[in-house]
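Please look over the sequence and the structure before reading on.

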Amino acid sequence: MTAATAGRPLLEAKSLTKRYGDTLALDGVDIQVFDGITGLLGPNGAGKSTAMKLFLGLLSPTSGSAEVLGEKPYENVEVRVRLGYMPEHDCLPDAITASEFLGHMAQMSGIPAVAARTRAADILRHVGLDEERYRHIKEYSTGMKQRVKLAQALVHDPVMVLLDEPTAGLDPGGREEMLRLIRRTGKEFGISIMLSSHLMGDVESTCDRIIVIEGGRIIEQGSVSQFTQETETLYIDVDDRRDEVVAALQSRGIEAAIDGLSVVVQRQSDEQFDDIRDAIVDADARLRRLAPSRRQLSDIFRRESN
């Protein structure tokens with residue numbers, strides 16, 4: 001953590017509520033976001049974009065508060081410069097080059113002209129657009145435009161960037177490249193990130209912490225590892241003779257069942273591994289994998305729906 005942010009959240013929502021007429025977009029939300037990469041995970045319409053716009057000061061809350069470094073951005077405009085924002089929708093100017101656009105955005109944030117051009121070149125190199133920076137943005141692919149949007153969010157060296165659905169419209173290869181770039185941005189630049197997404201895989205592979213929002217309410221929050229930790233369920237993948245493996249395990253007092261192509265055992269102790277090995281040998285089965293199950297973020301939504 002930097003000295004400026006140590007010990008306090010970068011973003012904090014306190015009983016944050018936002019209504020659009022009769023529609024309740026956020027319902028008494030409490031959030032604290034610290035350094036690192038935080039995922040704001042939820043289905044479309046859950047309230048993710050509304051929360052981001054409140055932190056950016058683009059909206060004012062109906063009640064409660066949204067704070068950036070202890071300041072309300074919808075009251076104190078100056079604190080907004082500490083944030084960068086990558087919107088979901090295409091909003092780039094078509095008729096200028098990426099270099100011109102980034103230089104302009106850097107100057108708008110108060111960076112002198114010469115330093116702004118240098119900063120723009122550095123950021124475009126970081127996002128992989130060094131060779132294409134003098135092409136007009138209208139000639140760019142969707143993936144290149146997403147990189148420009150990320151670059152403009154970084155060009156003024158903010159404390160934190162808010163990324164709204166940064167992989168929208170990308171094919172699987174482009175999506176993974178963008179997520180890799182986001183991870184590298186957090187690591188190399190030391191800029192904290194809030195990544196809003198409805199895609200669990202994006203959050204699970206990229207973020208340190210998650211905030212799960214649904215229907216305008218927070219239903220879970222914590223470290224990603226907390227939700228994807230290993231369970232006590234062991235999966236034994238064998239090529240064949242699964243029935244024989246189950247019988248051999250049961251003869252040793254180990255309850256087992258077949259789940260698809262795997263034999264499933266509830267782990268009780270480390271001593272079971274010796275019995276499992278012996279049971280596989282007795283069954284004359286070919287072992288492919290023996291590993292504990294790992295929870296998925298999707299389990300959160302399954303649990304809520306039950």
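How many residues apart are Glu188 and Arg184 in helix α5?

## A pair in helix α5

The model described here is predicted. Glu188 and Arg184 are 4 residues apart in helix α5 (residues 172-189), so about one helical turn separates them. Their side chains form a salt bridge, with the closest N and O atoms 3.6 Å apart. Glu188 is partly exposed at 49% relative accessible area, and Arg184 is partly exposed at 34%.

## Other salt bridges

The count of salt bridges comes to 20. One of them joins Lys145 and Asp90, at 3.7 Å from N to O. This pair links distant parts of the chain: Lys145 is in helix α4 (residues 142-154), while Asp90 is in the loop between β5 (83-86) and α2 (98-108), 55 residues apart. Lys145 is buried, with a relative accessible area of 17%, whereas Asp90 is exposed at 53%.

In helix α3 (residues 113-126), Asp122 and Arg125 are 3 residues apart, about one helical turn. They form a salt bridge with the closest N and O atoms at 3.1 Å. Asp122 and Arg125 also belong to a network of salt bridges with Asp130 and Arg133.

## Buried residues

Helix α1 (residues 48-55) is mostly covered, with 6 of its 8 residues buried. Among them are Met52, Leu54 and Phe55. Just after α1, Gly57 has a positive phi of about 80 degrees.

Thr17 lies in strand β1 (residues 11-20) and is buried at 12% relative accessible area. The side chain of Thr17 reaches the backbone nitrogen of Gly28 at 3.0 Å.

## A charged surface patch

Asp240, Asp243, Glu244 and Asp284 form a patch of negative charge on the surface. Asp243 is in helix α8 (residues 242-250) and counts as exposed at 56% relative accessibility.

Technical notes:
Residues are numbered from 1 along each chain as its sequence is written. This is a predicted model: local features need pLDDT of at least 70, side-chain atom pairs count only at pLDDT 80 or more; totals for chains, interfaces and linings use all residues. Side-chain values use heavy atoms; hydrogens and water are left out. Patches are made of residues with over 30% relative accessible area and no salt bridge: like charges are joined within 9 Å, nonpolar side chains (Val, Leu, Ile, Met, Phe, Trp, Tyr) within 5 Å. Accessible areas come from the Shrake-Rupley method with a 1.4 Å probe; for residues, only the protein chains shown count as cover. A salt bridge is a side-chain nitrogen of Lys or Arg within 4 Å of a carboxyl oxygen of Asp or Glu. Lys and Arg count as positive and Asp and Glu as negative; His and the chain ends are not counted. The place of a charge is taken as NZ of Lys, CZ of Arg, CG of Asp or CD of Glu. Helices (H or I, at least four residues) and strands (E, at least two) are DSSP runs, numbered from the N terminus. Buried means under 20% relative accessible area, exposed over 50%, partly exposed in between (1.4 Å probe, protein chains only). A polar contact is a pair of N or O atoms within 3.5 Å; within protein, one must be able to donate a hydrogen and the other to accept it, and residues adjacent in sequence count only if both atoms are side-chain atoms.
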